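Me: Could you walk me through this model with the definitions spelled out as they come up? I'll jump around a bit.

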Amino acid sequence: MVNRTAAAALVTCAALLAVTGCSSNFGSDNKETAQDTSSKQHLTVLIASSGDAETKAVKEAAAAWAQRSGNTVTVDVAKDVNQQLAQSFAGHKPPDAFYVDSAQFANYAKGGSLYPYGDQIKDANDFSDQLRTSFTYDGKLVCLPKDTSTLALAINTDLWKKAGLTAKDYPTTWAQLKKVAAKLTSGGVTGLVTNGEYARVGVFMKQAGGWITNADQTKMTADSRHNTEALEYVQSLLKSGSMKYASQVDTNWGGEALGKGKAAMTIEGNWLTGGMEADYPNVKYTMVPLPAGPAGKGTLAFSQCWGVAQDSSHRAAAVDLVRYLTSSAQQLKNAAAFGVMPSRTSAQAEYAKQNPSAKAWVDASAYAQGPVTVAGFDKVLTQFNTDLASLATTAPKQILTALQRNGEQALTKGD
């Protein structure tokens, strides 16, 4: 039994891991974890499930691998995956394989909690450069992306027709988006509704030719004229009333606003499919590419990877399990089961054939911007989201100056 001081330190480390990259090696003697080489091993897997369909699919896939390999697997669904992982890393009792969100990836990698197995994957190039970059740390591909998502423009087709618009009016530029958003805003309907966060508003920054950091994430580029232009454009939509944040129309996200008829358009990822089928099956909508900005097309990409614990005593078996779970065949099964888009380029082609309505999301992968993956940067983005909530009444330059300052501090600490 650990003493009270050590226990307190473990709790502190667990609490700080997600924001500071606190080392997962707390209290260890730095010895390499002994590896189980037996023919029958028992692995534990921790996932953050979107619902019963995802849980069922992962459990079935794990069971199929277990039958083939002779091992056994227990799949657990986390209530708060980041908190549970932080605690397990600090206590040196992590699951063998687990979901790692791109926002937390660098924190865990810096802390030494992740086993880098990318060099063991012969066909890693089947994952796009952008996805591999999102899960690379210190020049090493640490973990494989389990799936991917991009953002596109969802349009309520009934409200679109009611406003006298046709397919020829689908917006392809900022000017056209502003025009149709205004035309669609009437009564209880707002032209464009989306969440007030960088994970949605950020698409305009990319379309304007800006982004939060440079390509290799070594320098902040937040306070650029491109980003200022992007936020000024969004601010103009908010001030006109033709764009609102989801919270302003008493909804939790863009899909809910679209489904309830409070939004004629929203900006969402391919998870929208499952949400609409489950909650608003009678609402008709269509997906089109996001309009291009001054610098061209732009969207954001999101993903999670399959992490393998450095402290696992079943690393070889866990890597083999991940190979199975990220195979093209399994990714296509997952896509059919719970709507995710495959992270393998080869599987995306087949996915597009099977899901023609998802074409806008699939095509967007070619020009999508990945997330900032710097240790501790999640705190910076949390503050950025807070600032974006008041974009309608706050000077964009002020918001971006704060982002620049906070980001520079995080980059310095993240080195």
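Reply: The structure holds 1 cavity of 30 Å³ or more, where a cavity is a set of points, on a 1 Å grid over the protein atoms alone, at which a 1.4 Å probe fits but cannot get out. This is a predicted model, in which local features need pLDDT of at least 70 and side-chain atom pairs count only at pLDDT 80 or more, while totals for chains, interfaces and linings use all residues. Residues are numbered from 1 along each chain as its sequence is written, and side-chain values use heavy atoms, with hydrogens and water left out.

Me: What volume does the largest cavity have?

Reply: The volume of the largest cavity is about 120 Å³, a volume being the space filled by probe spheres set on the grid points, which are joined across faces, edges and corners.

Me: And which residues are closest to its centre?

Reply: K146, W306, L325, N334 and F338 are the closest to the centre, out of 15 residues that line the largest cavity; a lining residue has an atom within 4 Å of a point.

Me: Which elements give two or more residues to that lining?

Reply: Those elements are α2 (52-69), β6 (144-156) and α13, with helices (H or I, at least four residues) and strands (E, at least two) taken as DSSP runs and numbered from the N terminus. The largest share of the lining, 4 residues, comes from α13.

Me: How does the lining split by class?

Reply: The lining of the largest cavity has 10 nonpolar, 3 polar and 2 charged residues. Here Ala, Val, Leu, Ile, Met, Phe, Trp, Tyr, Cys and Pro count as nonpolar, Asp, Glu, Lys and Arg as charged, and the others, Gly among them, as polar.

Me: Staying with α13, is A335 buried or exposed?

Reply: A335, which sits in helix α13 (residues 328-338), counts as buried because its relative accessibility is 9%; buried means under 20% relative accessible area, exposed over 50%, and partly exposed in between, with a 1.4 Å probe and protein chains only. Leaving aside neighbours within four places in sequence, A335 is in contact with V340, P342 and Y351, contact meaning heavy atoms within 4.5 Å.

Me: Where is E350, and how far is its C-alpha from that of L332?

Reply: E350 is found in helix α14 (residues 345-354), and its C-alpha atom is separated by 8.0 Å from that of L332, 18 residues away along the chain. With a relative accessibility of 32%, E350 is classed as partly exposed.

Me: New topic: at what angle do α8 and α16 pack?

Reply: Helix α8 (residues 198-207) packs against helix α16 (residues 377-388) at an angle of about 80°, with the axes 10 Å apart. Axes are lines fitted to C-alpha atoms, for helices over the stretch in contact, and angles run from 0 to 180 degrees between N-to-C directions. The two helices, α8 and α16, are therefore roughly perpendicular to each other, since angles under 35 degrees count as roughly parallel, over 145 as roughly antiparallel, 65 to 115 as roughly perpendicular and the rest as oblique.

Me: Which residues meet there?

Reply: From α8, Y198, V201 and M205 meet L381, F384, N385 and L388 of α16. The residues of this contact divide into 6 nonpolar, 1 polar and no charged.

Me: Last one: is G188 buried or exposed?

Reply: G188 counts as exposed at 64% relative accessibility, and its place is in the loop between α7 (174-184) and β7 (190-194). G188 touches G261 and K262, again not counting residues up to four places away in sequence.

Conventions: 1 Å grid on protein atoms, 1.4 Å probe; cavity = no way out; pocket = protein on both sides within 12 Å on 5 of 7 lines; lining within 4 Å.
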